[in-house]
Amino acid sequence: MKYRMFIVSLLTVMIVFLNFSPILASAKDVYYSNEVAVLVYHHIDEFEQSSVTITPRLFERQLVSLQRKGFHFISLDQFKDFKTKGKPIPDNALLITFDDGYESFYTHAFPILKRLQIPAVNFVITKDLDDPKRPKLASLSKDEIKQMRSEDPNIEFQGHSDELHAMKDGKPMLSNKLILNGKLETEVEFKSRVVQDTRKCMAKLKELNASKNMDSYAYPYGSYDDTTISYLHEAGIQYAFTTKAGLASEWTDSMQIPRINGGSPFVRPHSISNLIKQAKREQSQFVSSK
């Protein structure tokens with residue numbers, strides 16, 4: 001009887017150990033190698049939900065689930081070294097990104113990321129840095145960015161434009177010419193507007209020591225074309241992130257890095273890994289059909 005109780009107790013301990021040991025639980029499962037799945041989030045809120053808003057609890061459960069299934073989180077610097085220098089990355093590599101620079105990143109996401117020791121990058125709209133409470137949805141302040149950077153250097157902040165995260169006549173301002181004083185912008189005016197806005201955005205973040213190198217950008221609304229890419233290049237951008245699903249390899253265009261939306265309330269903890277594997281399958285099918 002004592003022996004039987006001992007066996008039952010031992011099995012119970014083993015189950016608990018495996019459930020709370022994310023690295024060992026599925027460490028042998030390799031879903032992809034020499035590629036990075038980039039997840040994108042926006043807003044974290046205790047009560048509200050939308051297609052780009054989830055609760056802190058769901059966010060944390062997603063991350064823990066990914067850890068348990070053998071995914072490995074890397075920093076933006078690791079991602080860039082992989083892309084440009086061919087440095088090795090772990091199997092099932094993941095990069096966490098946020099868009100827009102909402103204050104909820106500081107209040108809800110950062111404590112979770114710090115506790116789980118997970119790197120992340122937030123692409124910030126910089127026009128509200130001086131008055132972060134002005135927008136209906138509060139944005140990050142300069143002091144909050146400085147604090148997060150000092151507490152965890154693997155939390156970085158890059159550009160999402162200064163004033164070009166907006167629509168004009170139903171079109172994204174970053175990638176379309178505007179009508180000024182009744183006339184359509186010339187190519188010179190268009191280029192000047194995009195380059196100056198980008199440089200202004202990155203300069204504001206550089207003042208805050210927001211990242212080691214200010215060279216990365218997320219396209220507002222995911223809208224861009226070859227012209228946009230050339231203008232951002234001129235402004236010093238070397239890595240640009242899209243809203244197109246897929247995984248990034250060493251050969252992926254650094255100005256067209258795909259991302260997968262994890263910040264939807266419909267992406268449950270048990271299914272987020274399937275979302276990544278689905279993006280991998282669809283990308284492989286697309287490549288093989290070309």
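**Legends to close-up views of the predicted model**

**View A. The loop that holds G222.** G222 is found in the loop that runs between strand 12 (216-218) and helix 8 (226-234). The model shown here and in the other views is predicted. G222 counts as buried because its relative accessibility is 18%, and the cut-off for burial is under 20%. A separation of 9.2 Å lies between the C-alpha atoms of G222 and P172, two residues that are 50 residues apart along the chain.

**View B. The protein chain as a whole, for orientation.** Nine helices and 15 strands are present in the protein chain. Of its 290 residues, 50% are buried. Among contacts in the protein chain with a separation of 6 or more, 67% are between residues 24 or more positions apart.

**View C. Strand 1 and its burial.** Strand 1 covers residues 35-41, and seven of its seven residues are buried. In a regular strand, side chains alternate between the two faces of the sheet. In strand 1, E35, A37, L39 and Y41 point one way, whereas V36, V38 and V40 point the other way. The residues of both sets are buried.

**View D. The pairing partners of strand 1.** Strand 1 runs parallel to strand 5 (residues 93-100), and six bridges join the two. Within this pairing, V36 stands opposite A93 of strand 5. Strand 15 (residues 260-261) also pairs with strand 1 in the parallel sense, over two bridges; here L39 stands opposite I260. With strand 14 (residues 247-249) the arrangement is antiparallel, and three bridges join it to strand 1. E35 has S249 as its bridge partner in strand 14.

**View E. Packing of helix 5 and helix 6.** Two packed helices are described by the angle between their axes and by the distance between the axes. Helix 5 (residues 104-116) and helix 6 (residues 142-151) pack at an angle of about 5°, and their axes are 12 Å apart. Helix 5 is therefore roughly parallel to helix 6, since angles under 35 degrees count as roughly parallel. On the side of helix 5, the contact is made by F105, Y106, F110 and K114. These residues meet E144, Q147, M148 and E151 in helix 6. By class, the residues of this contact divide into four nonpolar, one polar and three charged.

**View F. The aromatic pair of F105 and F157.** The whole structure contains 12 aromatic pairs. One of them joins F105 and F157 in an edge-to-face arrangement, with 5.9 Å centre to centre and 85° between the planes. This pair links distant parts of the chain, as F105 belongs to helix 5 and F157 to strand 7 (residues 155-159), 52 residues apart. Both F105 and F157 are buried. F105 and F157 also belong to a cluster linked by ring pairs, together with Y41, F59 and F98.

**View G. The aromatic pair of F123 and F241.** A further pair in the structure is formed by F123 and F241; the pair is tilted, with 5.1 Å centre to centre and 45° between the planes. F123 lies in strand 6 (residues 120-124) and F241 in strand 13 (residues 239-241), so the pair ties together parts that are 118 residues apart in sequence. F123 is buried, at a relative accessible area of 0%. F241 is likewise buried, with a relative accessible area of 0%.

**View H. Strand 7 and its pairing with strand 6.** Strand 7 is largely enclosed by the rest of the structure, because five of its five residues are buried. Five bridges pair strand 6 with strand 7 in the parallel sense. In this pairing, F123 stands opposite Q158 of strand 7.

View I. Most residues other than glycine have a negative phi. S161, although not a glycine, has a positive phi of about 90°. S161 is located in the loop between strand 7 and strand 8 (167-168). At 0% relative accessibility, S161 counts as buried. D169 also has a positive phi, near 55°, and is a residue other than glycine. The loop between strand 8 and strand 9 (171-172) contains D169. D169 is exposed, with a relative accessible area of 63%.

Technical notes. Residues are numbered from 1 along each chain as its sequence is written. This is a predicted model: local features need pLDDT of at least 70, side-chain atom pairs count only at pLDDT 80 or more; totals for chains, interfaces and linings use all residues. Side-chain values use heavy atoms; hydrogens and water are left out. Axes are lines fitted to C-alpha atoms, for helices over the stretch in contact, and angles run from 0 to 180 degrees between N-to-C directions. Helices (H or I, at least four residues) and strands (E, at least two) are DSSP runs, numbered from the N terminus. Angles under 35 degrees count as roughly parallel, over 145 as roughly antiparallel, 65 to 115 as roughly perpendicular and the rest as oblique. Contact means heavy atoms within 4.5 Å. Ala, Val, Leu, Ile, Met, Phe, Trp, Tyr, Cys and Pro count as nonpolar, Asp, Glu, Lys and Arg as charged, and the others, Gly among them, as polar. Buried means under 20% relative accessible area, exposed over 50%, partly exposed in between (1.4 Å probe, protein chains only). Two strands pair if DSSP finds at least two bridges between them. Rings of Phe, Tyr and Trp (its six-membered ring) pair if their centres lie within 6.5 Å; planes under 30 degrees apart count as stacked, over 60 as edge-to-face and the rest as tilted.
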